[in-house]
Amino acid sequence: MKSRFKPDRGLTSRMVVTSFLLGLLYVGFVGLLIALTKSAVLAVVIAGGALFVQYWFSDRIALYAMRGRIVSPEEAPQLHGAIDRLCALADMPKPKVAIADVDLPNAFATGRNPDKAVVCVTTGILRRLDADELEGVLAHELSHVAHRDVAVMTIASFLGVLAGLITRFGLYGGLGRNRDQNAAMVVLTIILVSAAVYAISFLLTRALSRYRELAADRAAAILTGRPSTLASALTKISGDIARIPSRDLRQAEAFNAFFFAPAAAGGFSLSSLFSTHPPLEQRLERLGMLSRELGEQA
């Protein structure tokens with residue numbers, strides 16, 4: 001069933017292209033591994049099992065890692081009420097609703113499809129945003145569910161996980177202990193190819209992640225008709241995240257691709273060059289343009 005979230009052909013085409021390119025990369029990668037070593041099959045089986053677990057149980061894994069729990073309408077009536085209104089407006093199934101007891105102001109959506117989706121908000125974001133700002137954030141997360149880009153991102157990350165796994169196996173398992181020159185060259189080749197594949201898949205998924213955040217901003221703003229409230233939430237959350245201790249931000253960075261706003265520690269880092277999110281200024285500029293297009297009242 002299609003929702004009333006505005007379709008985004010750009011997002012759809014990018015998801016298809018990214019998945020296709022990663023598929024080609026994966027086929028070539030596995031073919032080379034099978035040609036070079038008999039242990040490649042075992043590595044693929046292990047990584048394939050990890051992908052299955054990650055994809056099938058992604059909602060439970062994410063909630064466990066973020067210390068989130070499913071809440072009932074009686075426990076969080078305002079949060080459920082906001083999601084009920086948005087789901088009715090978007091004509092989409094209502095996801096499970098969860099709250100993570102952390103001060104980091106953020107939200108994320110997870111789940112392999114709209115029927116198995118979970119939208120989780122932190123206690124930090126509930127304390128900081130007013131009702132209209134929170135509604136804008138929730139609409140953003142629901143658009144991820146409706147566009148199914150959460151599932152695509154989970155699948156797209158598989159090749160990077162596989163390449164990273166084999167690189168670690170090679171570095172810590174075979175290269176240092178193997179004295180045979182030919183065998184050592186095989187292991188070294190595998191490590192180099194795995195590192196290259198990881199780098200390419202990393203760049204492809206980061207590019208898709210940045211675009212999907214812009215697409216979710218636009219879809220949420222159009223659905224609610226209030227781009228300014230989403231812009232206000234972005235500004236408020238980004239400012240407050242900058243005041244969160246760096247240690248807590250580093251612990252949450254693994255979830256950046258799924259967060260509403262990135263949990264990025266201050267200062268320059270290599271990760272800032274390959275961000276999962278577009279710059280705040282770009283998001284605010286696009287929301288401002290959309291506000292003028294919709295004729296939103298100040």
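Student: How many residues does the largest nonpolar core have?
Tutor: In this predicted model, the largest nonpolar core has 54 residues. Such a core is a set of buried Ala, Val, Leu, Ile, Met, Phe, Trp, Tyr and Cys residues joined through side-chain atoms within 4.5 Å. Buried means under 20% relative accessible area, with a 1.4 Å probe and protein chains only.

Student: Which residues have the most contacts inside it?
Tutor: L79, L104, V137, L138, I237 and F259.

Student: What does I237 touch?
Tutor: Leaving out residues up to four places away in sequence, I237 touches P105, I125, L129, V137, F260 and A261. Contact means heavy atoms within 4.5 Å.

Student: Next, T123: buried or exposed?
Tutor: T123 counts as buried because its relative accessibility is 18%. T123 sits in helix α5 (residues 123-128).

Student: Which side chain does T123 make a polar contact with?
Tutor: The side chain of D101, at 3.4 Å. A polar contact is a pair of N or O atoms within 3.5 Å; within protein, one must be able to donate a hydrogen and the other to accept it, and residues adjacent in sequence count only if both atoms are side-chain atoms.

How values were computed: Residues numbered from 1 in each chain as written. Predicted model: local features only at pLDDT ≥ 70, side-chain atom pairs only at ≥ 80, totals over all residues. Heavy atoms only, no water. Buried < 20%, exposed > 50% of the residue type's maximum accessible area, 1.4 Å probe, protein only. Helix = DSSP H or I, 4+ residues; strand = E, 2+ residues; numbered from the N terminus.
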